[in-house]
Amino acid sequence: MSVALRRAAPSDFPEVRRITRDAYLRAGHFAADHPYMGVLEDVEHRAQHAQVWVAEAAGRVVAAVTLTFAGQPYSEIAADGELEFRMLAVDPAHQGGGVGRAVVRGIVEHARQLPGIGAISITSATFMERAHALYESLGFRRAPERDWYVPGEDVLLWVFTLQLVEATVPLREIQRSP
């Protein structure tokens with residue numbers, strides 16, 4: 001399936017909310033009343049403090065994702081020089097057709113165009129096996145030294161990273177270059 005990735009417009013927010021909610025609920029990741037569902041559904045807040053992107057296929061929004069950078073409010077794990085993506089959700093009606101793969105590839109291509117970005121990071125709960133397989137198939141590698149627990153819960157989150165540049169100098173040196 002051919003998809004086009006673009007920044008979400010406010011008119012996309014209701015569809016982003018629906019897709020995200022439906023994808024997380026259908027996968028069984030959270031119950032409808034779980035506090036994190038409120039975070040996922042507050043697309044307006046995400047768009048004010050991060051970048052919300054959508055994937056379109058045949059003129060319809062079929063997926064959504066949030067992009068953020070180190071030090072920004074929605075960043076959980078991004079280090080300097082990393083683009084972090086979060087909350088990737090594919091409309092359940094379009095799952096299994098390569099949409100998620102196309103979105104991650106689009107993120108990688110976007111990140112390659114960003115000055116000072118040499119890597120991409122993502123956090124994924126240990127129970128999100130399909131996501132892990134997707135990330136690993138696209139070259140992301142586990143970074144277990146960066147794994148972390150959700151505060152106040154017994155939920156371990158794994159970190160995956162993808163290096164965009166073969167660094168012969170530390171990444172922080174690349175960022176400081178003019």
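## Terms and basis

A residue is called buried when its relative accessible area is under 20%, exposed when that area is over 50%, and partly exposed in between, using a 1.4 Å probe and protein chains only. The structure is a predicted model, in which local features need pLDDT of at least 70 and side-chain atom pairs count only at pLDDT 80 or more, while totals for chains, interfaces and linings use all residues. Residues are numbered from 1 along each chain as its sequence is written, and side-chain values use heavy atoms, with hydrogens and water left out.

Methionine 87 lies in strand 4, residues 82-90, where strands (E, at least two residues) and helices (H or I, at least four) are DSSP runs numbered from the N terminus. Its phi is near 55°, a positive value in a residue other than glycine, and methionine 87 counts as buried because its relative accessibility is 4%.

Alanine 58, with a phi near 50° that is also positive in a residue other than glycine, sits in the loop between strand 2 (51-57) and strand 3 (60-69). Alanine 58 counts as exposed because its relative accessibility is 84%.

## The nonpolar cores

A nonpolar core is a set of buried Ala, Val, Leu, Ile, Met, Phe, Trp, Tyr and Cys residues joined through side-chain atoms within 4.5 Å. The largest such core has 28 residues, and Phe85, Ile120, Tyr135 and Phe140 have the most contacts inside it, contact meaning heavy atoms within 4.5 Å. Helix 4 gives the most to this core, with six residues.

A second, separate core of 21 residues includes Leu40, Ala50, Tyr74 and Met128.
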